[in-house]
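Subject: Structure for your review

Dear colleague,

Please find the structure below. My findings follow it.

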Amino acid sequence: METIPTISTSQISALCGVMVTTTFLKELGINPAFETGNGLHWHEDDLPLIYMRMAEHFIRKATKETQKQLAAE
């Protein structure tokens with residue numbers, strides 16, 4: 001039987017250096033591998049995708065805030 005390497009939401013937070021939630025990861029379009037009574041587990045192979053989606057999210061937010069500041073000047 002083949003096991004699928006997974007990572008917990010807490011482990012993702014530790015690796016990212018910022019707290020992430022299961023809701024946030026789902027909003028980024030990341031699908032969990034499975035759910036336990038303790039929380040969701042994610043495909044370990046999705047970690048690069050998670051980083052990329054988080055980067056895109058923060059770039060969009062930074063761009064929006066920059067545009068607001070420039071419009072206020």
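Which residues does Leu25 touch, not counting residues up to four places away in sequence? They are Thr9, Ile12, Val20, Ile30, Trp42 and Ile50, where contact means heavy atoms within 4.5 Å.

This is a predicted model, in which local features need pLDDT of at least 70 and side-chain atom pairs count only at pLDDT 80 or more, while totals for chains, interfaces and linings use all residues. Residues are numbered from 1 along each chain as its sequence is written, and side-chain values use heavy atoms, with hydrogens and water left out.

Leu25 belongs to the largest nonpolar core, which has 12 residues, including Ile7, Phe24, Leu40 and Met54. Such a core is a set of buried Ala, Val, Leu, Ile, Met, Phe, Trp, Tyr and Cys residues joined through side-chain atoms within 4.5 Å. Buried means under 20% relative accessible area, exposed over 50%, and partly exposed in between (1.4 Å probe, protein chains only). H2, E3 and H3 each give two or more residues to this core, and H3 supplies the largest share, 3 residues. Helices (H or I, at least four residues) and strands (E, at least two) are DSSP runs, numbered from the N terminus.

In H3, Leu47, Ile50 and Met54 are buried. Their cover includes helix H1 (9–16), helix H2 (22–27) and strand E3 (39–43).

Ser8 lies in strand E1 (residues 6–8). Ser8 counts as buried because its relative accessibility is 15%. Beyond its neighbours within four places in sequence, Ser8 is in contact with Leu40, His41 and Trp42.
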